[in-house]
Amino acid sequence: MGKKTPEINSSSTADMAFLLLCFFMMTTTMDQDKGLQRRLPPMPDPNQKAQDQKVNRRNIIVVKINSADRLLAGTEPMHVSQLKDKIKEFLSNPADDPNLPEKEEKEIEGFGPCMVSKGVISLQNDRGTSYQAYIAVQNELVKAVNELRDEFAIANFGKLYIKCNEDEQKVVREAVPQNISEAEPKDVSKK
Amino acid sequence: MSRFKQKEKRTVPQPPSGSLSDIVFMLLFFFMVTTTMRETESKVQLRLPEASEIVKLERKDLTSYINIGTPTRNLQAQYGTDSRIQLNDSFKTVTEIRDFIAAERDAMSEADRSFMTVAIKADENTRMGIVTDVKQELRKCSALKIMYTARKTAE
């Protein structure tokens, strides 16, 4: 037996750890970024003639927000809280109203044929619209689509959309697409 | 003499401090795991708009941030109270977004470039005009995946 090695004085490790801890608390942030994910449309090719996408009038709903944050959906002015139901009715078209978007039978991989709405929501805003109002409207649009997805998922898979597995979610996404077009900026109120 | 002896007996023994460092290390690891590095300091007043249908931002390393809002109070004397765009650590104009996106893209690996997301952090009182300009500029440099950062609606 050799000499016993003396124990290392460990009383200062706590201080060192505290120092590190303070450093991390100062330099890092806890908040997670959350928000509404969107895909912008690609810039139109300048060489190409501006060809209007032939979208049937009934398949499109125009949501406009003016500089006073007033909302116009389709032809009628409304409050943000009413927008969700309007959009849901527009996208689902339960009574096959000829004024609401047509549906198209589409073969979905792993699920089979399904009636998919061809409705497109076109969102237009003024330069003076406040960001808050714009996000509120975007939020309502997403909420409408999400609720429709939930309904579809419950009817077909018996559970909410977020509870579905990856493949099922893909099917639901295809059956209830989120077609929101953020049009070119326009002056909604020309005065 | 007996009085001194009595006093010595009454002192409370030191609590063992050997595990103190372990506790602190545990805290340290907790913070290291749950937090992320603060990248830039916000030079604009940011009060994010509220939304309920928000999703988490994935892949923070592939995200570039654009802050839009009025400069913070101590910078207002220099930059005014108009809404400004902040890229990295300085105020920039709309046309400089192109260079910013190009630089951010160059910093990423080839495979990750298509997953690049631009997070637009705008104050809720911003006018859409400046946001629209930013969006148009992003379309021009084909950074199409964007995210409007928002905070969760208080229930």
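Helices and strands are here DSSP runs, a helix having at least four residues and a strand at least two, with numbering from the N terminus. The model is a predicted one, and in it S142(B) has a positive phi of about 45° although it is not a glycine. Most residues other than glycine have a negative phi. S142(B) counts as exposed because 11 other C-beta atoms lie within 10 Å, the cut-off for this class being 12 or fewer.

With 18 other C-beta atoms within 10 Å, D69(A) is partly exposed.

The two chains meet through 48 residues of chain B and 41 residues of chain A. On the chain B side, the elements that give two or more residues include helix 2 (20-34), helix 5 (128-140) and strand 8 (145-149). The residues of this side comprise 23 nonpolar, 14 polar and eleven charged. Strand 8 of chain B pairs with strand 2 (residues 34-39) of chain A in the antiparallel sense, over five bridges. Here K145(B), in strand 8 of chain B, stands opposite R39(A).

As for confidence, the average pLDDT of chain A is 78, and 87% of the residues score at least 70. Within chain A, helix 3 (residues 131-157) has the highest confidence, at a mean of 86, and strand 6 (residues 103-108) the lowest, at 75.

Conventions: Residues numbered from 1 in each chain as written. Chains lettered and ligands numbered in written order. Predicted model: local features only at pLDDT ≥ 70, side-chain atom pairs only at ≥ 80, totals over all residues. pLDDT = per-residue confidence, 0-100. Contact = placed C-beta atoms within 7 Å. Nonpolar A, V, L, I, M, F, W, Y, C, P; charged D, E, K, R; others polar. Pairing = 2+ DSSP bridges. Buried ≥ 20, exposed ≤ 12 C-beta atoms within 10 Å, placed from the backbone.
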